[in-house]
Amino acid sequence: MSELKIIGTNVTRPDAYDKVTGGKQYPVNFSLPGMLHAKILRSPYPHAKILSIDTSAAEKLAGVRAVLTYKDVSQRPFTPVYFVPAQAKSMVQDFVIMSDRVRWTGQPVAAVAAVTVDIAEAALELIDVEYEELPAVFDAEQAMQDGAPQSWQNATNNIAKNPTFACGDLEAGFAAADHIFEGVYQTQRVHTCYMEPRVCVADSDTQGRIKIMSSMQHTFGLREKLAFALGIPESHVNVIKPAYIGGGFGGKLDIGFIEPIAALLSLKTGKPVRAEHTRGEDFISTTRNPIKVYLKTGVKNDGTYTARHIKSILDCGAHATHGSEVIMVHGLYGTFFPWKCANQTWEGFTVYTNNMIGGGYRGYGAPQGCFAVESQNDEICEALGLDPLEFRVKNTHKEGDPHPVLPGHKLNTYRLQECLEKGAERIGFKDRKPAGSATGSKKHGIGFACHPLWVSGCVGFPDIYEHSGAVVKLNRDGTADVVTACVDIGSGQITMLTQVVAEELGIAADAVKLVYADTDTAPFDAPTHASRATYSAGTAARAAAAEAKKRLFQAAAAVMEANAEDLVLENGKVMVKGDSRSAVPMTEIIERAESPFIQMTDQGPVPTTIAEKGSIIGAASMAPASNPSPCAAEFVEVEVDTETGEVKVLHVVYAHDIGRLFHPKSAEGQVEGGFQQGMGYALMENLLFDQETGACLSGDFLDYKIPTAMEMPRRIESIFIESIEPTGPFGAKSLSELCTIVPAAAIANAIYNAIGVRVRELPITPEKILQALGKL
Amino acid sequence: MKQIINIDINNEVHEVAVEKSDTLIRVLRERLGLLATKRGCDSGGCGCCTVLVDGQAVYSCMTFALSLEGKKITTVEGLRHDGKLDPIQQAFIDADAVQCGYCTCGIMLAARQLLNDNPHPDEEEIRKGISGNLCRCTGYQKIVDAIKLAAASR
């Protein structure tokens, strides 16, 4: 294990050359001859009944080929979330593609396919819809009141889901506390802002089968959900895996409206149909759910927790979809189990409103939890004069502890204390000044946050798919082809899988190629989400490569007249272990395996044996052994301008227990990009809606600001702690999501340290800073 | 009402019939099949569609094709010379500045203009030079590194 040659090095990303020369393979570039273009008519009302819909004028417009309304789509509700079955019991099934009842402004009510986008748009104007407006509610807590407008008959007080967890004796715990802290922490609705819009091309054949290309994070999820929405067998849908997509971040983790609409329009017209979101449509698709967290914590004088009560109210918008799982992850991994407290109760509410539907977004409920808990932890340490680093160590887990969520599993590797200590040392935390003590109008502050528990996939979660597959095929020139349905969403899955297979086979990274895959030909893979790809897809790819190697040794044993068990593969050569004179190039073995049975040579015919024959392939389809927890701490230095309220992040140090560092530069890239998203969340990003009409007011990047290179800190340092997880492929755990979970809390705590006043509501805008300072 | 214009893209003159409302990105992607230029927002907010017009970085979604008669346009398809990558392209690979890569083409062209105008920019000048382009994956650090690397490799 210690002599890794490929893993741990900065191999060139296999997809980089293609991307810097134009990136032809994005789904947005996919087209088919004779393709039509679809556009969607969306409701202007947040809550209404459709009384009538007249599409006759639109149908008559020259160039229009088909029109769809709710009458053409299945009314069988399902969950559009890719990573669970369409009718998973743990989720709320309330989603249909179009209906005669609209529950949010922007809900699709009809769609048109035409020969050009312009004609399709013009046709939308000709569709006459008569609505009966109904009362709407846009605030989750108002929606929970008796008498509030009801979107769903069977959801009393608009509560879609109300899970709770409890341990110990809450009352006794609070009674034992020396101090009790209470606070309310509010987060906002933000968008993932993947750069490639959601886009798809669907084509149908004469027997009603669909082939589809889409910018999404899960090939098999799209197959399943599309088949369900269309009411056809799964095997009638073939999803082509895109070579790569232009970003996902959880924002492409459910079937959109465009895929079923394009597929239905293709079935209706017999033509391929393309649908692409405008940026405005993307902004009203799948955002991070706002969560309001009521947090009450009891502590001893020495900082030991005695009790905690948490109430989390999540606004899922018009449909529960991801909101029915985000609330669980927020509860389990965002608030309840990361911290050690013997007496706890958590109560979660997923609440329907007439806002847009929430969705998946990197961190999946944990950024909201981390902001609340870590803000309050900072308040506790400040009020009691406790060492904030020791406080975290005291109240979190230790290596070797039982896994707090997964019965029968342990925290085999767990280095939070090291993350805290190394991060603190690098930023000079011991020299930080007391809160609010900075002089002058521009005040510096240092703060940090950690997140003590996260995932490397979904083992242990009810209903969530968690297995991966791969087929590895060795070529006669000594290269390997890998078939996998795992989608590279930008975070480096192609590179990672390449490294795993190359390492296992002992060949160069550039000798491994990920090839075409679709759901007809590749084994199932769960989505690229939940920080799972390296740990889970990596496990399957390694196993497939190991199978191929085993097959190679069987063939080699016949050629070399050796025992397969005694053979090893090093630098492209098969040899008897310890005997370098026995080495035979693997190309020779593969050549023999794939050669005609009897080869004519200058020396005459050379027969081969049955044992040598057959392509050298290996396949695996498996779930990983566990779900090890990474952990991280992030330290930031900020400058707050107390005249303007502007916050600048100057310096960031992020320390993370990663298990095994596969690719140092890519890992840093995850940290740096994760910080950009977390900083946007902390300081500026907020989707705004008209409170009368529910219309999104942040329809483009001029109104929805995300950090540019100018706003970003000039120094982001990454510290990776390699704890070598025994259950992970080559010791891997996970990285991606924690990089986005911790920044908001760290920044909020740094702002407090700078100005001595706390803001408990994101984003912390200049206006809120000035209000906190009593200047507004 | 369509008008015929001659438009010089990557040193090749194309005759295209365009409507008044046709933007450059539309002509590039939908008429000429030049797909390196990406549509990210169609409203001048993200920079994915950045191209060079007479050496200046512009958003092709905000540029009407009719205004381009007689101008020289460079897209990423025109960055490679004799099969060799532009130093900026090579630097983006070497610095690991490409994640999802959707913003990459636009940012490389913004960087190309920057280095043409100022061959040795400091970090602040680099950041300012790409501040009209959004990236959601990288946090820009490796992109800044790549542009420094490209500047040093001249």
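This is a predicted model: local features need pLDDT of at least 70, side-chain atom pairs count only at pLDDT 80 or more; totals for chains, interfaces and linings use all residues.
Let me start with the layout. Chain A is split into four parts, and some of them are built from separate stretches of sequence. Domain 1 takes residues 16–22 and 467–622. Domain 2 covers 31–134, 195–247 and 252–283. Domain 3 is made of 136–192 with 289–395, and domain 4 of 401–457 with 626–776.

Take domains 1 and 2 of chain A. Their centres, over C-alpha atoms, are 40 Å apart. They do touch: 17 residues of domain 1 contact 17 residues of domain 2. On the domain 1 side of that contact there are nine nonpolar, four polar and four charged residues.

Now the helix pair. Helix α13, residues 493–505 of chain A, and helix α14, residues 533–560 of chain A, have axes that come within 9 Å and cross at roughly 35°. The crossing of α13(A) and α14(A) is right-handed. Which residues of α13(A) meet α14(A)? Among them are A:Met496, A:Leu497, A:Val500 and A:Val501. On the α14(A) side, the list includes A:Ala537, A:Gly538, A:Ala541 and A:Ala545. By class, this contact has 10 nonpolar, three polar and three charged residues.

Next, a single residue. A:Tyr352 sits in strand β18, residues 344–352 of chain A. Is A:Tyr352 buried or exposed? A:Tyr352 is buried, because 31 other C-beta atoms lie within 10 Å, and the cut-off is 20 or more. Leaving out residues up to four places away in sequence, A:Tyr352 touches several others, including A:Ser151, A:Trp152, A:Asn158 and A:Cys316. A:His319 is 33 residues from A:Tyr352 in sequence, and their C-alpha atoms are 6.8 Å apart.

Last, the two chains. How many residues of chain A are in contact with chain B? There are 45, and they meet 41 residues of chain B. The elements of chain A that give two or more residues to this side are α1, residues 16–20, and α16. The largest share, seven residues, comes from α16(A). By class, the chain A side has 19 nonpolar, 17 polar and nine charged residues.

A word on α16(A) itself. This helix runs over residues 664–683 of chain A, 20 residues in total. From first C-alpha to last, α16(A) reaches 28 Å, close to the 28 Å expected at 1.5 Å a residue. In α16(A), 18 of the 20 residues are buried, so the helix is largely enclosed by the rest of the structure.

Notes:
Residues are numbered from 1 along each chain as its sequence is written. Chains are lettered from A and ligands numbered from 1 in the order in which they are written. Helices (H or I, at least four residues) and strands (E, at least two) are DSSP runs, numbered from the N terminus. The expected span of a helix is 1.5 Å times one less than its number of residues. A residue is buried if 20 or more other C-beta atoms lie within 10 Å of its own, exposed if 12 or fewer, and partly exposed in between; C-beta atoms are placed from the backbone. Two residues are in contact if their C-beta atoms, placed from the backbone, lie within 7 Å. Ala, Val, Leu, Ile, Met, Phe, Trp, Tyr, Cys and Pro count as nonpolar, Asp, Glu, Lys and Arg as charged, and the others, Gly among them, as polar. Axes are lines fitted to C-alpha atoms, for helices over the stretch in contact, and angles run from 0 to 180 degrees between N-to-C directions. A crossing is left-handed if the near helix is turned anticlockwise from the far one by less than a right angle, and right-handed if clockwise. Domain bounds come from an automatic or database domain assignment.
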